[in-house]
Amino acid sequence: MARQRDADAVADDLQELTENRGRNVEGQMRFKVWPSRRDRDDFLATLESGAAEGASGGIPGAWRFFRDRIDEWATDEGEADAAAQVERLGALQICLEKLLYVVSINLDESDNAQVIFETLNARGTGLGALDLVKNAVFLQAERESAPAEDLHDHEWEPTFESDDYWLEEVRQGREKRARADWFLMHWLAMELGEVVRADKLFDTFRKDVLHNPGSYPTSELIPRLCEDARIMRSFDSFDPGSLEGLFFSRMGAMDITTMLPVALFLFRTSGLEPDRRRRALAALESWLVRRAILRLTGKSYNRSLANLLKAIREDTACADEAIVRELRSPQAATAVWPSDDDIRSRLQQGDLYGFIGQPRVRMLLEACERDMRDPAKTEAIALPPGLSIEHALPKSWQQHWPVNGADDPELAAEIERRT
């Protein structure tokens with residue numbers, strides 16, 4: 001912009017703020033600021049030719065915003081002549097060079113960069129738990145002389161920073177947090193065998209994982225975290241009609257995420273046969289759905305989670321049998337697995353609509369629909385999320401829901417009239 005207005009001296013001075021000079025300065029070393037891999041293409045393209053029309057986010061969006069604001073100010077919204085514009089750009093140069101401060105902090109070997117970073121950021125943009133974990137694990141990697149840059153470029157960045165998936169906020173229960181924080185919560189529960197509070201994620205990770213003498217070195221810890229994150233992300237990608245896809249869909253419909261650490265353990269265990277994994281998921285689903293139908297409390301689920309993780313660690317190759325044993329054990333008395341008779345009695349003699357939430361009712365009706373369809377005789381059905389519940393009176397309903405006219409003659413007469 002300065003060169004376009006014949007302010008070459010201003011342009012030369014401003015360029016020194018962003019680029020290094022010298023005969024040996026080549027490639028990325030030319031730039032005083034070098035972004036992460038995710039932003040490099042946009043960064044280079046924007047510096048080379050500006051941002052495309054309509055760019056609204058990231059580096060191109062920021063470039064267009066500041067370009068437009070500077071243009072408005074330099075031209076005084078069309079009122080300033082050429083000389084005045086050069087003068088205004090010179091004033092901007094003074095602001096950038098003398099009134100904008102950048103702090104450089106040089107640390108000694110005894111300084112804790114992580115603590116300093118957290119302190120400096122205390123009043124800045126809030127950091128998620130996984131942001132703090134990233135800084136801590138890579139600091140530890142450098143201390144262990146692990147290949148930190150390689151681990152960052154080939155493990156961490158492709159997994160967590162290639163798109164906005166882990167930044168998106170999603171609701172689990174009553175709380176709404178970034179997916180990254182939910183992943184860390186479930187990962188810690190899987191690793192430690194207990195649920196960790198959302199406000200204690202980083203502290204727990206640092207104390208019980210990173211600085212635990214029996215934990216993994218960072219050269220193993222970082223790939224392990226990234227692989228487990230990729231596994232958890234894959235939970236969103238199963239075929240909706242597959243057993244796995246139905247399991248995670250139904251967990252979402254019931255808004256139950258306590259058992260996700262168990263699912264993560266089942267999928268990350270390479271020695272577990274796929275059929276056994278599916279049976280384990282089916283057992284968990286049966287236990288959770290039956291309890292949801294009876295509207296039984298979930299207050300004991302944290303303890304059940306710990307017991308289940310312990311059981312399948314002790315018998316990983318037969319995780320399905322371990323889960324069934326644990327859910328049927330005397331210790332699970334406070335989290336009983338309802339029987340067929342319990343469910344049949346509830347459905348035949350009690351209300352369902354209004355007794356449990358509509359997402360759960362819809363989940364059960366969808367399950368009935370899938371079970372009643374014969375794939376050999378009917379085409380595959382699509383049951384997209386958000387379907388409404390329509391009310392219809394089944395044929396031959398009296399066989400399963402008899403009405404005693406003596407108890408309620410008006411109801412009996414009304415039903416007789418309508419049928």
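**Exercise 1.** Does Leu100 count as buried or exposed, and at what relative accessibility?

*Solution.* The model is predicted: local features need pLDDT of at least 70, side-chain atom pairs count only at pLDDT 80 or more, and totals for chains, interfaces and linings use all residues. Residues are numbered from 1 along each chain as its sequence is written, and side-chain values use heavy atoms, with hydrogens and water left out.

Step 1. Recall the classes: buried means under 20% relative accessible area, exposed over 50%, and partly exposed in between (1.4 Å probe, protein chains only).

Step 2. Leu100 counts as exposed because its relative accessibility is 51%.

Step 3. Locate the residue: Leu100 lies in the loop between helix H4 (82–99) and helix H5 (113–120). Helices (H or I, at least four residues) and strands (E, at least two) are DSSP runs, numbered from the N terminus.

**Exercise 2.** Determine whether Leu281 is buried or exposed, and list its contacts.

*Solution.* Step 1. Leu281 belongs to helix H13 (residues 274–293).

Step 2. Leu281 is buried because its relative accessibility is 0%.

Step 3. Contact means heavy atoms within 4.5 Å. Neighbours within four places in sequence aside, Leu281 touches Leu243, Glu244, Phe247, Ala263, Leu266 and Phe267.

**Exercise 3.** Describe how strands E1 and E2 are paired and connected.

*Solution.* Step 1. Two strands pair if DSSP finds at least two bridges between them. Strand E1 (residues 169–172) and strand E2 (residues 175–178) pair in the antiparallel sense, over four bridges.

Step 2. Gln172 stands opposite Glu175 in E2.

Step 3. Two residues separate E1 and E2 in this hairpin, and Gly173 in the turn has a positive phi of about 65°.
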